[in-house]
Amino acid sequence: MRLGVTMFATDLAMPVQDLARAAEERGFSSLYLPEHTHIPVSRRTPPAGGQRELPEQYKRTLDPLVALSFAAAATERLRLGTGILLAAQRDPIVTAKAIATLDHLSGGRAVVGVGFGWNVEEIENHGVPYGRRREVARRNVLAMRALWRDEVASFDGFEPSWSWPKPVRHPPVYVGGGAGPTLFAHVAEYADGWMPIGGHGVKAALPALREACEKAGRPMAEVIPFGTRPTKEKLDYFAGLGVEEAVAALPSGSADEVLRFLDRYAALT
């Protein structure tokens with residue numbers, strides 16, 4: 001069982017390059033960073049996850065790809081992931097170039113966790129109707145995969161084009177979100193795996209995910225429980241389900257606070 005970590009990287013939290021170095025030194029497999037381009041102050045949309053107040057870290061999130069470039073420069077083996085990248089809110093040509101550059105410069109360590117977003121006004125500020133965000137995210141991911149894969153790439157929205165660098169390896173794409181037929185159809189069509197938040201209910205969802213993959217004529221998707229609070233028992237349980245990697249949540253705090261969590265989690269592996 002591999003164990004990665006995720007943290008809301010902000011201007012007030014432990015610097016990303018220091019976190020990455022500390023995680024690699026302790027044997028963690030990966031570092032994932034989330035994304036919010038901005039938070040409109042109207043706050044029309046209630047916080048996700050049933051929280052009463054939106055945590056301060058949502059307002060202060062660093063750009064994940066820029067931050068991961070600092071993590072890449074500070075490490076040698078750590079996989080560098082977005083968890084999650086809001087694909088509907090991004091230009092796919094520019095984002096494909098940025099991810100390919102990160103992968104090229106890091107020696108093939110980029111991982112792309114994508115999601116659809118929950119903040120209505122944030123999404124709409126990018127010119128995307130909230131009800132179309134899944135459709136737009138799908139199109140953008142497929143466009144990025146074409147740009148990474150093909151010497152002359154084309155897709156709906158851009159003509160046949162060159163785009164280098166190519167990634168060292170095609171970056172794996174994982175889709176985050178709750179279990180269900182719509183999400184599993186996305187995973188089966190254009191992703192390498194599913195990132196369930198926390199990991200609750202994974203066992204019950206596996207048959208539906210396997211069925212969606214079989215219907216699409218592809219191998220079973222990877223499953224990476226994301227943002228979990230790991231214990232030895234929980235990691236053993238995941239391993240028994242065939243899960244090969246989980247991602248532990250870290251506080252968006254000072255170096256001393258984050259290092260305490262890293263040491264606690266490292267003792268589990």
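**Entry 1: S29**

I looked up S29 first, and it counts as buried because its relative accessibility is 16% (buried is under 20% relative accessible area, exposed over 50%, partly exposed in between, with a 1.4 Å probe and protein chains only). I'm working with a predicted model, where local features need pLDDT of at least 70 and side-chain atom pairs count only at pLDDT 80 or more, while totals for chains, interfaces and linings use all residues. Residues are numbered from 1 along each chain as its sequence is written, and side-chain values use heavy atoms, with hydrogens and water left out.

I found S29 in the loop between α1 (16-25) and β2 (30-33); helices (H or I, at least four residues) and strands (E, at least two) are DSSP runs, numbered from the N terminus.

Which side chain makes a polar contact of 2.9 Å with that of S29? I got E245. The side chains of S29 and S30 are also joined by a polar contact, at 3.5 Å. (A polar contact is a pair of N or O atoms within 3.5 Å; within protein, one must be able to donate a hydrogen and the other to accept it, and residues adjacent in sequence count only if both atoms are side-chain atoms.)

Skipping neighbours within four places in sequence, I listed R2, L3, G4, L78, R79 and E245 in contact with S29 (heavy atoms within 4.5 Å).

**Entry 2: strand β4**

Next I checked β4 (residues 110-115): 6 of its 6 residues are buried, so the strand is largely enclosed by the rest of the structure. In a regular strand the side chains alternate between the two faces of the sheet. Here A110, V112 and V114 point one way, and V111, G113 and G115 point the other way.

I saw that β4 pairs with β3 in the parallel sense over 5 bridges (pairing needs at least two DSSP bridges). T82 stands opposite V112 in β4.

**Entry 3: the largest pocket**

Then I went to the largest pocket, with a volume of about 970 Å³. (A pocket is an open set of points on a 1 Å grid over the protein atoms alone, with protein on both sides within 12 Å along at least five of seven lines; lining residues have an atom within 4 Å of a point. Grid points are joined across faces, edges and corners, and the volume is the space filled by probe spheres set on the points.)

I noted 32 lining residues, with F8, Y58, W118, I197 and F226 nearest the centre. Which element gives the most to this lining? It's β3, with 3 residues.

Technical notes. 1 Å grid on protein atoms, 1.4 Å probe; cavity = no way out; pocket = protein on both sides within 12 Å on 5 of 7 lines; lining within 4 Å.
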